[in-house]
Amino acid sequence: MRLGKKLIVLGIAMALLAVGFISSASAAEKFPSRPIELLVPTAPGSGASLFTQITAKAASQALNNPIDVQHKPGGNGNVLANYLIKQPADGYTLGLYVGSNAGYMNMPGFQTKVEDFTYVAQIMRQVHCIYVHKDSPYKTIQDLIDYAKKNPGALDIGTNKVGSIHFYNAEAFARAAGIKINNIPYKGSGEATKDVMGKHLTAGITGPFTILTKPEYLRILVVLADKRLPQMPNVPSISDLGMNYEPPQQIWGLMVKKGVPADRLEILRKAFKKAMDDPEFKKLGDQPGNVAEWIDTDKFDPLIHKNHAAYRKALIELKLIKK
């Protein structure tokens, strides 16, 4: 082959290689190009699981890319956090951040730190309530408070695990009401609800929607929020009792391992924010106690760090952890 022809063939080959390299580079830069994992720290059937399933389905449609929900229960969120921290910081593995993490991550034995993650966005929050059995002699929240004042430490309130939002909510309410309670932590708030239904427990704390599905057994006394819920206008809030404090609320948001590129975080934020327009998501957001509320990274990330610091202080005051 003549030199001229060799050079032409070589030039074509190099051009084809260059095109192939550019195409490969473009493909590598595309995000997402494979399924995303969204991890849930609870078992299937929980409120957090339901929220995640609905949100992931809507966000996957916005991304035109699958989002697979994976349940990682155990260790008060420790199992999820340990799994997430071992994955590449590439945006393909997300964790559901729940408000109870603010307490759990401060407890001894939690193996990761709040600083190990980026908190991408809040999507929804949930107000809690105090409830009793429908046949309880305590017809109002004031009845319950009066009993607790006359019998310090005798009022049993079932909550979730030590460090959870439920547990902290009970302590915050007791302090604001000037009463002492017997705060009983269960493996899950559903277990406490069963004991109230069976009349083995005086009162419990959880989301209103759960209680309203069992009106033949349970009755809500107060909403732990600064104003009444529109779906429950006859149920008082803490402001109706003259209490001036900020009751903790459950948060459902997104977290990733620190180091995910900013452009990928932006793609994820847009998709999950668009998911909030989905009819099924809106239906969930309309349930009593649920508040669909988007908070972006620039405000959500510092909010989480602030909450963790506040919870740590509270846990120290309760003598549940050391300084």
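**View 1. The open sheet.** Two strands count as paired if DSSP finds at least two bridges between them. This is a predicted model. By that rule, six strands form an open sheet in the order β2-β1-β3-β10-β4-β11, and their pairing is mixed. Two strands sit at the edges: β2 (67-71) and β11 (290-295). Each of them pairs on one side only. Neighbouring strands of the sheet are turned by 25° against each other on average, direction ignored. Strands of a sheet pair through backbone hydrogen bonds, either parallel or antiparallel.

**View 2. Strand β4 beside strand β11.** Which way do β4 and β11 run, parallel or antiparallel? They run antiparallel. Four bridges join β4 (residues 117-126) to β11. Look for Met124: it stands opposite Ala292 in β11.

**View 3. Helix α2 on the sheet.** Helix α2 (residues 47-63) packs on the sheet. It touches β1 (36-40), β2, β3 (93-98), β4 and β10 (250-257). The direction of α2 makes about 165° with that of β2. Just after the helix, Asn64 takes a positive phi of about 55°.

**View 4. The largest nonpolar core.** This core has 34 residues. Those with the most contacts inside it are Ile36, Phe51, Ile67, Ile123 and Phe272. At least two core residues come from each of β1, α2, β2, β3, β4, β10, α9 (262-275) and α10 (279-285). Which element supplies the largest share? Helix α2 does, with seven residues.

**View 5. Around Phe51.** What does Phe51 contact, leaving aside its neighbours within four places in sequence? Its partners are Leu96, Ile123, Met124, Trp252, Phe281 and Leu284.

**View 6. Asn169 in helix α6.** Asn169 lies in helix α6 (residues 165-177). Is Asn169 buried or exposed? Its relative accessible area is 0%. Buried means under 20%, so Asn169 is buried. Not counting residues up to four places away in sequence, Asn169 touches His128, Ile205, Leu224, Pro247 and Pro248.

Technical notes: Residues numbered from 1 in each chain as written. Predicted model: local features only at pLDDT ≥ 70, side-chain atom pairs only at ≥ 80, totals over all residues. Heavy atoms only, no water. Axes fitted to C-alpha atoms, helices over the stretch in contact; angles between N-to-C directions. Contact = heavy atoms within 4.5 Å. Core = buried A, V, L, I, M, F, W, Y, C linked by side-chain atoms within 4.5 Å. Buried < 20%, exposed > 50% of the residue type's maximum accessible area, 1.4 Å probe, protein only.
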